[in-house]
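Dear colleague,

Please find below the sequence and structure that I am handing over to you. My findings follow directly after them.

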Amino acid sequence: MKAGKVKLFLPFLYGILIIACQPNDTYQPLPDHLSATFALPAGLIDTIRFYKAEYYKWNHDFRKAIEVYQKILSEEPELESIAKHSIETQIWFCNLMYNTPSITDSLSYANLYLFTDTVANTCYNGDLYYCKALEYYQQQAYDRSELLFRKSLAIYRRCLGVDNLKTVRCASALGMSLYRGKHQLDSANYYISKAYEYIKVHAIIAPYTAEIYYNKAQMALLFRDYTIGEYACRQAITALQGNAQPRSDLMLEYQRMLAEHLKFCGKYQQADSLLRTIIALSRRSVTSPSFVASLYKDIFFIQLRLSDTTGALQSLHVLQRMDRKTDNLGIGIDRLYGKYYFTTGAHYKAIESYRKFLADESRHAQQDALAIKEAYWNMGQSLQQLQRFDDALAAIYRLITFQSGAVQPVDTWRELISEQTRNTVHISSSYHRFADILMAKYEHDPTREQSLEQAFQLYCIIDTLLNDKVDAFNEDAALHAANYYNADIYAHAVRTAISMYQLTNGRTYLNWANHFIEQVKSPLMYRDLVNHRAVPFSAVPKPLIQREIQLKARIDSLQTHYPGLNSNHIEQLLAAFSQIEDIYETYRQKYPEFYSAKLAAGAVDLERIQAQLKGKKESILQFHVSDHAIQALLIQWDTIIAKTLEKPPHFTRQIESFKRLLRTPQYDYKKEDLLEFNDLAHIIYQVTIQPFFTDISRFPNLTILPHGELHEMPFEVLTLTTDKQIDHLSFSHLDYLLKAVNIRYAYSLKSYLQHDLDQAVFKVTDKGAAFAFSKRELKSAEKEVLASRTGLLTDLPYSAEEIGYVRRFFPNTVLSYYTDATKSSFQKAVQSDFTILHLAVHADSDENNRLKNALYLRSEDTGYDTLWMYEIVRLPMTTRLVVLSACETGLGEQKNGEGVYSLSRAFLISGAETVMSTFWSINDKSTSMLMEHFYEFLVDSTPVEALQKAKKVYLEQMPAIQTHPALWAGMVCFEG
């Protein structure tokens with residue numbers, strides 16, 4: 001620059017020049033030829049260039065801005081202020097262009113200033129780390145990109161604070177790097193969700209936030225949160241449209257992701273319409289034919305889902321023309337025709353099309369191995385439908401050998417299994433199909449007993465493979481995904497094991513059937529429970545536990561990213577398995593209590609269960625529900641009965657109707673209402689309980705382990721008889737199962753056996769802590785109404801009476817009314833030595849998102865405070881009995897292969913022995929009356945016995961209008 005006086009005059013002069021040279025009021029930078037015409041000093045020319053570059057920058061024309069900055073610096077390289085603006089401009093350019101080759105051009109200059117004094121320990125340094133990380137990310141060097149993203153994030157947090165937009169953008173990018181590089185789904189989702197929540201809460205819609213929304217949409221696709229994903233995609237598109245120069249290729253990519261989420265949300269028509277829009281946009285831009293073909297493929301599969309066979313066939317014709325025109329796009333036309341014929345039931349044509357596609361397997365294998373796998377899979381199913389079982393087995397056999405990469409041919413399925421026991425990711429599902437065909441072959445011809453035995457042995461091996469895989473997981477998200485897909489396999493495994501038992505009467509097959517059932521009964525809950533029990537054994541060195549976690553992550557990575565079979569992969573995998581087995585052996589020898597609590601209790605042997613039941617008058621009824629049948633095991637100390645129960649065609653719909661009657665009672669009911677209720681209750685009883693009733697009635701106590709649609713249903717209101725000539729309008733006269741046995745529930749047999757089956761009865765001296773969302777002596781006109789996220793939290797006047805009953809029968813009870821019933825006082829009570837914990841408060845459950853399950857307590861600041869489900873799980877609870885006298889505490893999100901995520905489950909995991917919870921929104925007054933009888937009977941009794949007696953007394957004493965099961969049957973006992 002020149003003299004200081006010139007500097008002061010430059011902006012003023014620049015403004016005059018702009019006004020003089022522009023005939024209209026539109027702001028434009030001063031052209032270079034004008035500066036030459038006016039013969040301006042060099043310093044003034046640099047300043048004009050600087051303003052010109054700033055103009056380009058703020059209009060997102062970054063290339064021109066960078067060119068101007070570089071021109072200034074080429075003449076006067078010592079101008080640090082210009083250098084900083086240049087770096088900033090290039091950073092902005094990188095942020096918008098990082099997934100194109102342009103990033104290399106931009107970074108080549110910006111990197112010169114990395115680590116220099118000019119930008120050290122400032123946000124510029126963080127920006128440069130961020131941009132360099134993006135470059136590595138583009139080159140798929142994810143480990144390097146993760147390291148630099150972490151450095152950039154640390155600088156941003158130090159310089160800007162956590163809530164700055166740069167910070168959240170960097171966190172989102174770090175999440176994607178973790179996902180792409182290490183496949184750490186939970187960690188990736190954590191960072192991306194933090195960024196997503198920030199921009200969502202602050203309603204930030206800008207070009208820079210598009211990538212965050214898009215990253216969230218990608219995570220949502222992986223976690224199957226399709227509603228959230230749809231919202232995130234729409235926001236990403238809106239943000240991208242806010243850019244002065246929106247990237248057309250990114251817009252197409254974002255719209256296609258939106259179409260994916262619409263498809264998985266079941267919005268097929270919208271997805272189809274959007275895909276056609278994308279095709280129209282693609283034709284107006286430079287888009288590869290393969291991209292357009294992939295869009296038509298998506299439309300084809302959507303049309304098949306919509307049963308629009310005509311539209312699907314038209315899409316196939318379009319794809320065929322495109323394939324011929326471009327001399328083979330590699331989209332596998334024959335495979336798509338095979339899918340079309342397979343879906344429409346033309347199995348002979350499907351087989352012919354798939355064989356054409358597979359005739360040149362080596363060519364297709366390089367392009368789409370998944371397409372080959374699907375072809376073999378569907379061809380096997382078509383052959384099975386045609387009852388050509390041996391041909392179907394050959395097709396699946398070929399699928400297995402293709403997946404495993406086996407070079408040497410094998411003669412028998414036994415040799416194949418022994419050769420492939422470690423390749424778990426893709427092989428297990430193919431083994432399942434192989435076993436299912438063998439089972440179908442046996443059912444078609446029962447004389448082929450060898451087929452049934454082979455199917456059973458395959459399922460045993462599949463179970464070993466799946467256990468090896470699941471044991472390697474650390475993250476709940478990965479376990480959920482695994483359990484979700486494994487549930488269908490285990491359903492067939494249970495059917496096969498029980499068929500083997502019925503054929504041979506061998507006790508071993510019963511053990512296997514029970515084991516297969518348990519594999520889809522709350523495995524995550526059991527893991528959390530045993531880990532919670534292992535916590536007190538803190539003498540185990542943390543580095544040893546950390547090493548175990550690292551090895552599991554290593555095994556997970558190897559099995560996820562290297563599904564092919566090669567010697568190097570196998571050596572690494574076996575070495576990791578060997579090291580983790582050494583750690584388990586260390587646990588067993590040096591820390592036996594920890595080993596026992598964490599690892600040794602996994603297997604459930606029926607002989608051991610019977611030994612635990614000996615001397616107890618109790619039955620355990622284990623259910624497993626599949627699409628067409630219900631498998632059930634009745635376990636008593638002296639007998640085990642296994643049966644396959646026929647599932648009527650409309651059974652699922654009848655159960656839903658029955659639950660609806662319970663949750664939405666008609667208090668002015670008529671005789672028709674009573675008959676409808678009794679009919680449904682008896683139908684469900686006939687299917688589920690009647691085949692075992694003679695044996696069940698031998699003992700007074702019954703523990704039910706439900707599954708599928710049998711969850712969240714009180715079995716005690718099922719009726720043993722049905723009478724079409726009912727001449728009364730009272731529900732108290734119905735022949736309930738409640739009147740024959742005492743019923744409690746458990747999420748899984750393994751978790752149930754973690755509790756002491758020799759329950760001590762409660763004594764009047766036991767300590768209790770009770771909380772009520774109510775003021776004593778509260779008049780109706782004084783009711784306080786608090787706004788919550790779900791609506792209104794009103795005072796519960798009868799809850800004050802309810803907790804009063806606890807103290808009446810257990811005098812050592814601490815009562816907390818209204819303002820005293822706070823979250824902090826509850827947490828203190830949990831850590832004390834209370835035997836009984838009673839919560840008469842508001843609750844909320846969400847059957848779509850378990851994270852929203854919560855209890856509401858009082859707060860002096862906001863009126864109410866929220867106790868979330870995840871907080872309950874972490875509580876160090878030793879309470880014997882928790883009574884959740886609140887709405888829907890036994891309901892929650894249902895996960896296939898895992899069960900129900902309810903508040904009662906959270907309390908059991910945290911250490912409670914028995915939890916009483918509710919299946920629907922309960923009535924405040926009737927629940928208070930039920931609780932009075934319950935605590936009266938709890939003295940010198942167990943909770944399940946006291947609750948059943950209280951229900952019987954309620955039915956005997958209440959008027960007919962108050963005997964509907966909705967008023968008394970919703971409260972049930974869970975133990976494990």
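Asn505 lies in the loop that joins α25 to α26 (507–518). In this predicted model, the phi angle of Asn505 is near 60°, which is a positive value in a residue other than glycine. Asn505 has a relative accessible area of 57% and is therefore classed as exposed, the cut-off being over 50%.

Gly911, which follows α39, has a phi near 125°. Helix α39 itself spans residues 903–910 and is mostly covered, with eight of its eight residues buried. The buried residues of α39 are Leu903, Ser904, Arg905, Ala906, Phe907, Leu908, Ile909 and Ser910.

I turn next to the second largest pocket. Its volume is about 700 Å³. Which residues are the closest to its centre? They are Ala491, His624, Val625, Ser626 and Asp627, out of 30 residues that line the pocket. Two or more lining residues come from each of α25 (476–504), β1 (618–625), β2 (629–636), β15 (892–895) and β16 (899–902). Helix α25 gives the largest share of the lining, namely five residues. By type, the lining of this pocket consists of eight nonpolar, 13 polar and nine charged residues.

His624, one of the residues named at the pocket centre, deserves a separate paragraph. His624 belongs to strand β1. Is His624 buried or exposed? Its relative accessible area is 2%, and because buried means under 20%, His624 is classed as buried. Leaving aside residues up to four places away in sequence, His624 touches Ala491, Ile517, Val520, Ala629, Ile630, Gln631 and His707. Phe516 is 108 residues from His624 in sequence, yet the C-alpha atoms of the two are 9.6 Å apart in space.

Elsewhere in the chain, two helices pack against each other. The axes of α9 (residues 165–182) and α11 (residues 210–223) come within 10 Å and cross at roughly 35°. The crossing of α9 past α11 is left-handed. On the α9 side, the residues in contact are Val168, Arg169, Ser172, Ala173, Met176, Tyr179 and Arg180. On the α11 side, they are Glu211, Ile212, Asn215, Gln218, Met219 and Leu222. Seven of the residues in this contact are nonpolar, three are polar and three are charged.

Finally, some totals for the whole chain. The secondary structure comprises 41 helices and 18 strands. The chain has 976 residues, of which 56% are buried. Among contacts in the chain with a separation of 6 or more, 70% are between residues 24 or more positions apart.

Yours sincerely

Terms used: Residues numbered from 1 in each chain as written. Predicted model: local features only at pLDDT ≥ 70, side-chain atom pairs only at ≥ 80, totals over all residues. Heavy atoms only, no water. Axes fitted to C-alpha atoms, helices over the stretch in contact; angles between N-to-C directions. Helix = DSSP H or I, 4+ residues; strand = E, 2+ residues; numbered from the N terminus. Left-handed = near helix turned anticlockwise from the far one by under 90°. Contact = heavy atoms within 4.5 Å. Nonpolar A, V, L, I, M, F, W, Y, C, P; charged D, E, K, R; others polar. 1 Å grid on protein atoms, 1.4 Å probe; cavity = no way out; pocket = protein on both sides within 12 Å on 5 of 7 lines; lining within 4 Å. Points joined across faces, edges and corners; volume = space filled by probe spheres on them. Buried < 20%, exposed > 50% of the residue type's maximum accessible area, 1.4 Å probe, protein only.
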